[in-house]
Amino acid sequence: MQNDDALAEEVQRFGPDPLSLLSRRINTVDDKIVFACQRSARPRNSVRMLIISKTVPSSILRRLYHAGYTEFGENKVQEALEKREELADLRVTWQMVGHLQKNKAKYIARFASEFHALDDLSLAAELQRRLDIEDRFLDIFVQVNTSGEASKYGLPPDRVPEFVRSLPEFPRLRPRGLMTLALHDTDMSKVRPCFRLLRELRDATAVIDPRVVELSMGMSGDFDVAIEEGATTIRIGQAIFGQRPTPDGFYWPREPNR
Ligand SMILES: *Cc1c(COP(=O)(O)O)cnc(C)c1O
C-alpha cells in the first residue's frame with residue numbers, strides 16, 4: 001500500500017516503531033491532563049484531547065486508528081481531503097480547526113463533524129447552504145481573538161454576543177462553544193488571561209444560546225493552563241508528533257482575510 005519514499009519519511013520522523021513512540025507521548029500528555037484536572041477539581045472525562053494531525057502522513061494515522069484513536073483534527077482542507085481519501089476504508093471522524101475560505105465550505109460540509117474556526121456570518125451562510133445540499137449538520141465553535149494580535153483570526157470579544165445571536169439563522173450549524181488561539185508565549189502569565197477571557201465570554205454567551213457550553217482552547221505548549229481555566233477540548237499536535245516540518249506561519253498567516 002505504501003511506497004518506499006513514504007516509509008522512509010515515516011521512519012525518519014517517527015522511528016522504526018511509530019506506534020510505541022506516539023503512545024508514549026500520548027501517555028505523557030494524558031498524565032499532564034490528569035494532574036491539571038486534579039489541580040482544578042475537574043473530572044478527567046470533562047476534557048477531550050483532540051489530536052491535531054496536520055503534516056502527519058495518513059500511514060501513521062492508520063496505525064493510530066487501529067490503536068483506538070479514531071478522531072483527528074486538521075487545519076487545511078486540501079490536506080484533510082487527501083488523508084480522508086487515503087483512509088476511506090476507516091471510519092475516521094474528521095474535525096477542521098483552521099481558518100476556512102468560503103470557497104472551501106463545500107468540502108467541509110461533506111465530511112467534517114466539527115468546525116472550530118467560525119468567525120464570519122457570510123461563511124456561516126455558505127456552510128448552511130452547502131450542508132443543506134449534503135443534508136448534513138456541522139458542530140461549530142466560534143473563534144475569538146483573545147490575544148488582540150492582528151495576526152490571529154477570530155472575532156473581537158465584544159462582537160461575540162451579537163454573532164452568537166445570529167447563529168439560529170443557520171439551523172444546520174450547531175453551536176457547541178467558543179475557540180481561541182492564545183498568545184504564543186512561554187510566559188503563562190500572559191497566556192492565561194486569553195483562556196480566562198474566553199471562559200468569561202462563554203459564560204456570558206451561554207445566556208444568549210445555551211448550546212454554547214464548550215471551550216476549545218489549549219495546545220501543546222499551554223494545555224495544562226487551559227484546563228485550569230476550563231478547557232473542554234484541547235487541541236494537541238506537536239506534543240504527540242514532535243516538531244512540524246512546516247512553520248506555524250503557514251497555519252496562522254500574518255495577514256488574515258487577505
Ligand atoms: C496546529 C494546531 C493546533 C495544535 O498545535 P500544537 O502546537 O501542535 O499542539 C491547535 N489548534 C490549531 C488551530 C492548529 O492549527
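Reader: Before we start, what should I know about the model and the numbering?
Author: Residues are numbered from 1 along each chain as its sequence is written, and because the model is predicted, local features need pLDDT of at least 70, side-chain atom pairs count only at pLDDT 80 or more, and totals for chains, interfaces and linings use all residues. Side-chain values use heavy atoms, with hydrogens and water left out.

Reader: OK, ligand first. How many residues surround it, and which are the closest?
Author: The ligand is surrounded by 13 residues, and the closest are Lys54, Asn75, Ser220, Gln238 and Arg244. A residue counts as near if one of its heavy atoms lies within 4 Å of the molecule.

Reader: What kinds of residues make up that shell?
Author: Six are nonpolar, four polar and three charged. Here Ala, Val, Leu, Ile, Met, Phe, Trp, Tyr, Cys and Pro count as nonpolar, Asp, Glu, Lys and Arg as charged, and the others, Gly among them, as polar.

Reader: Which side chain has an N or O atom 2.5 Å from an oxygen of the ligand?
Author: That's serine 220. Asparagine 75 also has a polar side-chain atom 2.7 Å from a ligand oxygen. The protein buries 97% of the 390 Å² that the ligand exposes when taken alone. Those areas come from the Shrake-Rupley method with a 1.4 Å probe, and for residues only the protein chains shown count as cover.

Reader: Back to serine 220. Where is it, and what does it touch?
Author: Serine 220 sits in the loop between strand 7 and helix 9 (223-228). Helices (H or I, at least four residues) and strands (E, at least two) are DSSP runs, numbered from the N terminus. Setting aside residues up to four places away in sequence, serine 220 touches Arg235, Ile236, Gly237, Gln238 and Ala239. Contact means heavy atoms within 4.5 Å.

Reader: Which backbone nitrogens does its side chain reach?
Author: The serine 220 side chain reaches the backbone nitrogen of glutamine 238 at 3.2 Å and that of alanine 239 at 2.8 Å. A polar contact is a pair of N or O atoms within 3.5 Å; within protein, one must be able to donate a hydrogen and the other to accept it, and residues adjacent in sequence count only if both atoms are side-chain atoms.

Reader: What does UniProt say about Lys54?
Author: An unreviewed UniProt entry gives "modified residue: N6-(pyridoxal phosphate)lysine" at Lys54. UniProt positions are given in the numbering used here, feature names are shortened, and annotations may be inferred rather than shown by experiment. Lysine 54 is in the loop between strand 1 and helix 3.

Reader: Is lysine 54 buried or exposed, and why?
Author: Buried, because its relative accessible area is 5%. The cut-offs are under 20% for buried, over 50% for exposed, and partly exposed in between (1.4 Å probe, protein chains only).

Reader: And what about serine 53?
Author: Serine 53 is buried too, at 0%, and belongs to the loop between strand 1 and helix 3. Leaving out neighbours within four places in sequence, its contacts include Leu61, Phe72, Glu79 and Phe241.

Reader: What about the phi of aspartate 135?
Author: Aspartate 135 has a positive phi of about 55°, and it's not a glycine either. It lies in the loop between helix 6 (121-134) and strand 5 (138-143). At 55% relative accessibility, aspartate 135 counts as exposed.

Reader: New topic! Where's arginine 211?
Author: Arginine 211 is in the loop between helix 8 (188-208) and strand 7 (214-216). It counts as partly exposed, because its relative accessibility is 38%. The arginine 211 side chain makes a polar contact with the side chain of aspartate 209, at 2.8 Å.
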